[in-house]
Amino acid sequence: MGPLCLVAILFLSARCGLLGPKDDFRLGQTLESSEAVARAVVDRFRAGDLAGLRLLAVTETEFHKLVWPQLPASRPERNVPWDYAWQDLSAKSDANLRGRLSGWQDRGFTVVSVAFTGETTEYGTFRVHRDSVLTLRDRDGSVSNGRLFGSIIEQGGRFKVFSYVVD
């Protein structure tokens, strides 16, 4: 086997994910804090921007390469295909998002803070903060709490919406 062939094999193996650790996958389009995520979500709700809201959440590739391998449901004995789990999560998330967006009445909301009433679970290279509660102030100064998304994923101090499922 010539050196050029060996280089080609190594390159293709790396590109296909056959070489190197799997834990080096990074989330894309993250923000610097959970508050920044909440502000971006509120801004896109205000604009009625469904596509923009979807971009703030975990993608299919991120779920497949980063999230799924760490979940208990991914164990072989569970016999749950990753794409089934993704389709279920994605459909529920999208239904919740559409429902909230269709009922959105902007009152000039600004984000005061974000809290999580559920547990935070560590998954090695990332963590999930569950049951988000946004404290919002409207243009008249009234403060209220609301849930526009269910959870946030954090990796390396960067954040994005995990899903819009709010139970």
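This is a predicted model: local features need pLDDT of at least 70, side-chain atom pairs count only at pLDDT 80 or more; totals for chains, interfaces and linings use all residues.
Reader: In what order do the strands of the 3-stranded open sheet stand?

Author: Strands of a sheet pair through backbone hydrogen bonds, either parallel or antiparallel. Strands here are DSSP runs of E with at least two residues, helices are runs of H or I with at least four, and both are numbered from the N terminus. Two strands pair if DSSP finds at least two bridges between them. In this sheet the order is β1-β4-β5, with antiparallel pairing. The edge strands, β1 and β5, each pair on one side only.

Reader: How many bridges join β4 to β1 and to β5?

Author: Strand β1 (residues 110–116) pairs with β4 over 6 bridges, and 4 bridges join β4 to β5 (residues 143–146). Ala115, for example, stands opposite Val133 in β4. β4 and β5 form a hairpin with 5 residues between them, and Gly141 in the turn has a positive phi of about 95°.

Reader: Is Leu134 buried or exposed?

Author: Buried means under 20% relative accessible area, exposed means over 50%, and partly exposed lies in between (1.4 Å probe, protein chains only). Leu134 has 0% relative accessibility, so Leu134 counts as buried. Leu134 belongs to strand β4 (residues 132–137), where 5 of the 6 residues are buried.

Reader: Which residues does Leu134 touch?

Author: A contact means heavy atoms within 4.5 Å. Leaving aside residues up to four places away in sequence, the contacts of Leu134 include Ala38, Val42, Ser113 and Phe149. Ala38 is 96 residues from Leu134 in sequence, yet their C-alpha atoms are 7.4 Å apart in space. Leu134 is also the bridge partner of Val114 and stands opposite Gly146 in β5.

Reader: What is the order of the 4-stranded sheet, and which helix packs on it?

Author: This open sheet has the order β2-β3-β6-β7, and its pairing is antiparallel. β2 (120–122) and β7 stand at the edges with a single partner strand each, so one side of each is left without a neighbour in the sheet. Angles are taken between N-to-C directions, from 0 to 180 degrees, and axes are lines fitted to C-alpha atoms, for helices over the stretch in contact. Helix α2 (residues 34–47) packs on this sheet, touching β6 (151–155) and β7, and its direction makes about 55° with that of β7.

Reader: How much space lies in the largest pocket, and which residues lie nearest its centre?

Author: On a 1 Å grid over the protein atoms alone, a pocket is an open set of points where a 1.4 Å probe fits, with protein on both sides within 12 Å along at least five of seven lines; lining residues have an atom within 4 Å of a point. Grid points are joined across faces, edges and corners, and a volume is the space filled by probe spheres set on the points. About 510 Å³ of space lies in the largest pocket. Its lining has 21 residues, with Leu89, Arg130, Ser151, Phe162 and Ser163 nearest the centre. α5 gives the most to this lining, with 5 residues.

Terms used: Residues are numbered from 1 along each chain as its sequence is written. Side-chain values use heavy atoms; hydrogens and water are left out.
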